[in-house]
Amino acid sequence: MSTPIAFLKGHGTENDFVIIPDPENTLELPPAVAAALCDRRAGIGGDGLLHVVRSAAHPEAREMAAEAEWFMDYRNGDGSVAEMCGNGVRVFARYLQRAGHVTEGEIAVATRGGVKAVHLAKNGDVTVGMGKALLPEGDVTVSVGGHSWPARNVNMGNPHAVAFVDDLADAGDLYSPPPFSPESAYPDGVNVEFVVDRGPRHVALRVHERGAGETRSCGTGACAVAVAAARRDGADPAVTGTPVTYTVDVPGGRLVITENPDGGIEMTGPAVIVAEGELDGEWFETVNP
């Protein structure tokens with residue numbers, strides 16, 4: 001009889017994840033298995049996979065173990081490895097709290113994009129220190145359905161192209177990655193955000209996430225959008241010396257993004273665990289021969 005494997009399901013502004021607790025990193029989770037778990041018809045279903053591992057037990061995180069006990073080994077819905085996922089970090093922290101590994105207050109989470117500072121608030125919101133944005137030089141263009149827009153190149157530990165449009169419907173169905181140029185700007189692909197204004201310091205977006213398609217939310221994407229909007233609006237905190245906060249509506253809810261004069265970016269939003277159970281061991285062996 002094959003051993004069942006524990007899992008949970010959670011979401012942050014409807015960006016949803018399969019959570020696999022594996023503190024000692026004993027499970028083999030190659031891309032095909034991660035993709036099978038995220039399959040919405042034949043698996044559990046999710047935009048991505050949160051593999052919960054102690055930093056000291058994972059070769060990619062051991063150097064961060066002194067700063068952060070837990071490592072978010074994140075996979076996209078297609079099974080590919082990703083550097084970071086902002087909504088995923090919030091859900092990851094919520095799982096750690098639920099499991100009794102952490103309590104309300106400040107914690108640190110190791111990711112491939114570095115160690116992230118997380119605050120678990122009493123009201124249920126989770127704030128993540130997302131680090132600083134990098135703004136690579138060079139013009140970028142994204143296209144959908146014969147229309148093209150200039151895009152701001154923003155790197156949040158993963159790459160983003162932010163395009164301001166007149167209507168979110170201009171983004172099309174976002175099933176396939178929107179073409180971009182030059183190809184050299186994003187050799188490993190890119191997350192593309194299409195953005196409209198809703199009011200002062202208030203924007204809304206749709207996003208195609210690299211490796212996942214259109215999702216209901218993207219945390220790093222919301223941060224990239226806030227940074228791009230601040231630069232467009234002449235509100236660069238490094239220049240003004242004043243923090244700037246944008247409300248970012250995503251299809252699955254609302255995130256609040258603050259950029260500080262030192263460049264540090266904080267993202268606040270909800271994180272919810274909706275279910276837990278056990279994977280059938282025989283099924284797991286079938287998808288992981």
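**Asking what the words rest on**

Q: What is the bridge partner of Thr-258 in E17?
A: In E17, Thr-258 is paired with Glu-266. Helices (H or I, at least four residues) and strands (E, at least two) are DSSP runs, numbered from the N terminus, and E17 covers residues 264-270. The model is a predicted one, in which local features need pLDDT of at least 70 and side-chain atom pairs count only at pLDDT 80 or more, while totals for chains, interfaces and linings use all residues. Residues are numbered from 1 along each chain as its sequence is written, and side-chain values use heavy atoms, with hydrogens and water left out.

Q: Why is Thr-220 called buried?
A: Buried means under 20% relative accessible area, exposed means over 50%, and partly exposed is in between (1.4 Å probe, protein chains only). Thr-220 has 2% relative accessibility, and therefore counts as buried. Thr-220 is placed in helix H3, and with contact meaning heavy atoms within 4.5 Å, Thr-220 touches Met-84, Gly-86, Met-130, Met-156, Asn-158 and His-160, not counting residues up to four places away in sequence.

Q: Why is Glu-14 called partly exposed, whereas Leu-174 is called buried?
A: Glu-14 has a relative accessible area of 35%, and so is partly exposed, while Leu-174, with a relative accessible area of 3%, is therefore buried. Glu-14 lies in the loop between strand E1 (5-12) and E2 and has a positive phi of about 70° although it is not a glycine. Leu-174 is found in the loop between strand E10 (159-164) and E11, and its phi, near 60°, is a positive value in a residue other than glycine.

Q: What makes a set of residues a nonpolar core, and which members of the largest one touch the most others?
A: A nonpolar core is a set of buried Ala, Val, Leu, Ile, Met, Phe, Trp, Tyr and Cys residues joined through side-chain atoms within 4.5 Å. The largest has 54 residues, of which Met-72 and Ile-257 touch the most other members. Its largest share, nine residues, comes from H3. A second, separate core of 17 residues includes Ala-171, Val-190, Phe-194 and Ala-204.

Q: What makes a space a cavity, and how many of 30 Å³ or more are there?
A: On a 1 Å grid over the protein atoms alone, a cavity is a set of points where a 1.4 Å probe fits but cannot get out, whereas a pocket is an open set with protein on both sides within 12 Å along at least five of seven lines; lining residues have an atom within 4 Å of a point. Grid points are joined across faces, edges and corners, and a volume is the space filled by probe spheres set on the points. By this rule there are two cavities of 30 Å³ or more. The largest has a volume of about 80 Å³, and its lining includes Tyr-74, Met-84, Asn-158 and Thr-220.

Q: Which classes of residue line the largest pocket?
A: Ala, Val, Leu, Ile, Met, Phe, Trp, Tyr, Cys and Pro count as nonpolar, Asp, Glu, Lys and Arg as charged, and the others, Gly among them, as polar. The lining of the largest pocket divides into two nonpolar, two polar and four charged residues, and the residues there include Asp-39, Arg-40, Arg-41 and Asp-47. This pocket has a volume of about 170 Å³.

Note on methods. Pairing = 2+ DSSP bridges.
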